[in-house]
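Visitor: Hey, can you walk me through this one? I'm new to reading structures.
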Amino acid sequence: DMSTKKHQMIVIGAGPGGYVAAIRAAQLGLDVAIVDKNKVMGGTCLRVGCIPSKALLESSEKYEEIKKQIGVHGINVKGVSLDLGKMLKRKDKIVQGLTKGIEALLKKNKITRYEGNAKFTKDRTVIVESGGVQVEELEADNIIIATGSRSATIAGVELDSERVDTSTEALNYKEVPKHLAVIGGGYIGIELGSVWRRLGAEVTIVEYLDRILPGIDSEVAKEAHKLLEKQGMKFELRSRVQGANIENNKITIERRNGDPIEADRVLVAVGRAPFTANLGLEDVGVKRDDRGWIIVDDDYKTNIEGVYAIGDVIPGPMLAHKAEEEGMACVEKIVTGFGHVNYKAIPAVVYTHPEIAAVGKTEDELKDEAVEYRKGKFPFIANGRAKAIEYAEGFVKILTHAKTDRVLGVHIIGPHAGDLIAECTAAMEFGASAEDIARTCHAHPTLSEAVKEAALAVEDRAIHM
Ligand code: FAD
């Protein structure tokens, strides 16, 4: 028999949503506990998501650049070869280092850590289990569920953790596949497909829709498709996958419309689903929608008093920074009564080459909603810095309200798009007009000048075009 440990707040899940919420709560003076069933802090994002994928994207991009493109600079390199083991180790080391960083932050903020699976037994009480054994019982005034998500699966395609598996395994293939088939043309499939294509695999993206990157502005997605195809990535669109059969070391992907596709490795990247298994939600009656997401109100409250949810486990874009914003806002609302997430200005980035970044409404959405809008577009080919760094692909597109000139959305495909979108997000956060961006002095020569020029282009007055 063990006594129940009391805290003012318990956070379940130490991903970017959970650990940020815990730190914010500690900053605001609460006695906080955080529970994660995984020994390694940082959640999906740090362990098997954002960070390891970006580490491999960087390494593989360097490899391809040195192998194929460095010659244009007048640099001759011979005998380039791949040490995949070392590349994977570098990635692991980065994850380890950042994990230690989170542990140190939790410690600095005097947050109590519990390792194990948290499960509700009654309102505001959870037990922590490890190896099937109950190790603690915890109680708190406020409990935040931040249990994140897992890879979604597809009917007919069984995962075997060896040849047919998910993004988690694709961060760790011990050898470069000969032919990697990626089921799903979303950002995770395209990013990891890019990694393995650069390292030498033939890569085919098999997508159900007639386009890649659902959710991304269709003009940008079209440009991405064209550029990725030029790099050697193959696309099989309008392909409804029905099964994957392994025979003689070959995998055959069956699809409803079209010939089967043969591959020797399959990455299932058909999206992510909220993760609430073994959480005991049924026992306390926390409501979920028909697709499994926990239902919350504007204050992240579930239907149970004192129980909140944030991040991938609630509806909305499944992104680390969205989870973090919600973690902060949820805690601030609980402690101070005020907190804020602006869902109209959440950037999204695809870390391909070139990068793709977006904030606000897509042109497709504006058309659907019959909003009167204007459009300013500027290509990187007319940007001096882009030429100087030999990376003059893509464009910036700014969409504004036709009457007020207010920026409604910005869509970038091109060099460092993910960094360029920050300015546009800040502009939208401040309710800027295209005129505001156009009248802001941008350093020369920088890629950000393409943003300014696109703002000028809204009124058809770009200088360098
Ligand atoms: P998670 O990070 O999923 O963390 C949840 C934690 O809860 C986990 O550690 C889990 O072990 C723990 N947990 C679950 N149930 C329990 C329980 N009952 N008891 C105790 N602990 C529990 N997003 C971006 O913004 N940028 C990117 O570049 C990006 N790249 C990605 C690449 C890949 C390959 C993948 C898979 C995802 C990527 N994402 C990216 C998405 C990002 O990882 C998620 O949006 C983010 O991790 C969500 O954070 P979270 O805190 O809600 O949940």
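This is a predicted model: local features need pLDDT of at least 70, side-chain atom pairs count only at pLDDT 80 or more; totals for chains, interfaces and linings use all residues.

Visitor: Okay. Which residues does UniProt place in the feature "binding site"?
Guide: The unreviewed UniProt entry puts that feature at G184, G185, G186, Y187, I188, G189, I190, E191, E207 and G271. They span 88 residues in sequence, but no two of their C-alpha atoms are more than 14.4 Å apart, so they gather at one spot.

Visitor: Where is E207 found?
Guide: E207 is in the loop between β10 (202–206) and α7 (218–230).

Visitor: And is E207 buried or exposed?
Guide: Buried, because E207 has 25 C-beta neighbours inside 10 Å, and 20 or more is enough to count. Leaving out neighbours within four places in sequence, E207 is in contact with G184, G185, I212, F235, L237 and S239.

Visitor: What about G271, where does that lie?
Guide: G271 sits in the loop between β15 (265–268) and β16 (272–274). G271 is partly exposed, with 16 other C-beta atoms within 10 Å. Skipping residues up to four places away in sequence, G271 touches A152, G184 and G186.

Visitor: Switching to helices: at what angle do α3 and α6 pack?
Guide: About 35 degrees, with the axes of α3 (residues 50–69) and α6 (residues 187–198) 9 Å apart. The crossing of α3 past α6 is left-handed.

Visitor: Which residues make the contact?
Guide: From α3, S53, L56, L57, S60, E61, Y63 and E64; from α6, E191, L192, S194, V195 and R198. By class, the contact of α3 with α6 has 5 nonpolar, 3 polar and 4 charged residues. E191 is also one of the UniProt "binding site" positions.

Technical notes: Residues are numbered from 1 along each chain as its sequence is written. UniProt positions are given in the numbering used here, feature names are shortened, and annotations may be inferred rather than shown by experiment. Helices (H or I, at least four residues) and strands (E, at least two) are DSSP runs, numbered from the N terminus. A residue is buried if 20 or more other C-beta atoms lie within 10 Å of its own, exposed if 12 or fewer, and partly exposed in between; C-beta atoms are placed from the backbone. Two residues are in contact if their C-beta atoms, placed from the backbone, lie within 7 Å. Axes are lines fitted to C-alpha atoms, for helices over the stretch in contact, and angles run from 0 to 180 degrees between N-to-C directions. A crossing is left-handed if the near helix is turned anticlockwise from the far one by less than a right angle, and right-handed if clockwise. Ala, Val, Leu, Ile, Met, Phe, Trp, Tyr, Cys and Pro count as nonpolar, Asp, Glu, Lys and Arg as charged, and the others, Gly among them, as polar.
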